[in-house]
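Visitor: I would like to learn how to read a model of this kind, one feature at a time. Could we begin with a pair of side chains and work outwards?

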Amino acid sequence: RRLDTWVFDKVKQLLTNATTDRELYDKLHATANDGGKQGVVIFMHLLGMDTAGHEFKPQTDVYLDVLKNVDKGLAEVIPLIEEFYQHDGLTSYVISSDHGMSNKGAHGDGSPDETRCPIIAWGAGVANPNDQKLDPDDTGMRDVVMSLLEGIIWDDGSFGSAAKEWEYVKHSWGLNPAHRKDILQADLAPLMATLIGASIPINSQGNLNVNYLSGSLHFKAQSLLTNTRQILEKFRLLADRTKHQKPILFREYTKIKHSAEQIAYIEGLISSKQFTKAVQESKALSKLGLEGILYYQKYDWLILKTAIALSYLGWILLMWGVSQSVQNIGVGRGGMFRRSSASSLSQKRRHADKKWNTSTVVLAVACAVV
């Protein structure tokens, strides 16, 4: 509890100090018109639940106590933030976590309990829950459910079917599943950047989910186009770097050939107010961009895996050679050690030396490849 309480106390202290410190007050009220600054981010890292989960395991009384303390802290801090900004309606809130946790208090595996994380967003620029009347048995609904970019329910296979996932959300959460819009963790970066009017980080590999935005279709189409440009720029940088480092037998990602023309086409759709079509084209192009990024990130995987396999093989042969070279000592009756005859010992050593030399050569080649 003290870990999270410390964070909440620091935020309260920050807001209090800003009432008497003009410089701090101005920093916390920076806008896009103030010297090019774009919005203010107040980041709270609440580590208590992670620590309690590892040490005491989830669903224990200690863990639930820490969870209640986080709820209590948020209930105190959020009204203070609203009051500090005079309820101007310009603050967005995003709450999430970096990972889930198994019942053993661990994470890092691929189970849904460890890879699924909550995300709750509200405030300025965030769309209100859209209470759509959707039927999980309808073919169109299944298409929506299976589509990550449409952002309704992300089916990762843990429930067997989208319909079962739908029922789980409805009955276990007590929420209309239509209120739920799933994204990947990487998608948080473009979402938060868009909410505060900042540039999307160049190394971001996230897709902007426009279902989270409350703006007009024009704003959504333009924001998604900006995200697509950023993804394509990262793709271009990776492609250029890979080509420069490995000019011989360079294998280009061929699905993106004329990105400038495709961007111009999307801009034309926006100019002609075909916003829905522009959103669809941006999504398709950004998907190709992300596939291209992954292609270049894995460009050397075959070589690296081969080198690692050879290095392991070299060590195995080395250890086998060592074991063979010391087999010149036998065991006599009663478990006592005895030496082999001189001729036999000499022959064994020569035989072992041959194996030793072979394994050493293999190890040398493997190390050279690495």
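**Reading the features**

Guide: Start with Glu76 and Lys72, which both belong to helix H4 and sit four residues apart, about one turn of the helix. Helices (H or I, at least four residues) are DSSP runs, numbered from the N terminus. The model is predicted: local features need pLDDT of at least 70, side-chain atom pairs count only at pLDDT 80 or more, and totals for chains, interfaces and linings use all residues. Residues are numbered from 1 along each chain as its sequence is written, and side-chain values use heavy atoms, with hydrogens and water left out.

Visitor: Why would residues three or four places apart in an α-helix point the same way?

Guide: An α-helix has 3.6 residues a turn, so residues with that spacing face the same way. Here the side chains of Glu76 and Lys72 meet in a salt bridge, 2.9 Å from N to O. The term requires a side-chain nitrogen of Lys or Arg within 4 Å of a carboxyl oxygen of Asp or Glu.

Visitor: What does the salt bridge between Lys255 and Glu291 look like?

Guide: The side chains of Lys255 and Glu291 meet at 3.9 Å, N to O. This pair links distant parts of the chain, 36 residues apart: Lys255 is in the loop between H9 and helix H10 (259-271), and Glu291 is in helix H11 (residues 275-297). Lys255 counts as exposed at 55% relative accessibility, while Glu291 counts as partly exposed at 31%. Salt bridges that share partners also join Lys12, Lys72 and Glu76 into one network.

Visitor: How many salt bridges does a search of the whole structure find?

Guide: The search finds 11.

Visitor: Now a whole helix. How many residues does H1 have?

Guide: H1 (residues 2-18) has 17, and it reaches 24 Å from its first C-alpha to its last, close to the 24 Å expected at 1.5 Å a residue. The expected span is 1.5 Å times one less than the number of residues.

Visitor: Which residues of H1 are buried?

Guide: Asp4, Val7, Phe8, Val11, Leu15 and Ala18 are. Seen down the axis of H1, these buried residues fall within an arc of 95 degrees, so they line one face of the helix. The arc is taken from the directions from the helix axis to the C-beta atoms. The face turned away from the buried side carries the exposed residues Arg2 and Trp6. The cover over the buried residues of H1 includes helix H2 (22-27), helix H3 (48-56) and helix H4 (61-84).

Visitor: Which residues are buried in H3?

Guide: In H3, Gly48, Ala52 and Gly53 are buried. Around the axis they cover an arc of only 130 degrees, which puts them on the same side of H3. The buried residues of H3 pack against H1 and H4. After H3 comes Lys57, whose phi is positive, near 80 degrees.

Visitor: What does Asn227 touch?

Guide: Asn227 is in helix H9 (residues 217-245) and is buried, with a relative accessible area of 0%. A contact means heavy atoms within 4.5 Å. Not counting residues up to four places away in sequence, Asn227 touches Pro190, Ile200, Gly206, Asn207 and Leu208.

Visitor: Where is Pro201 found?

Guide: Pro201 is in the loop between helix H8 (188-196) and H9, and is partly exposed at 42%. The C-alpha atoms of Pro201 and Pro190 are separated by 7.7 Å, with the two residues 11 apart along the chain.

Note on methods:
Helices (H or I, at least four residues) and strands (E, at least two) are DSSP runs, numbered from the N terminus. Buried means under 20% relative accessible area, exposed over 50%, partly exposed in between (1.4 Å probe, protein chains only).
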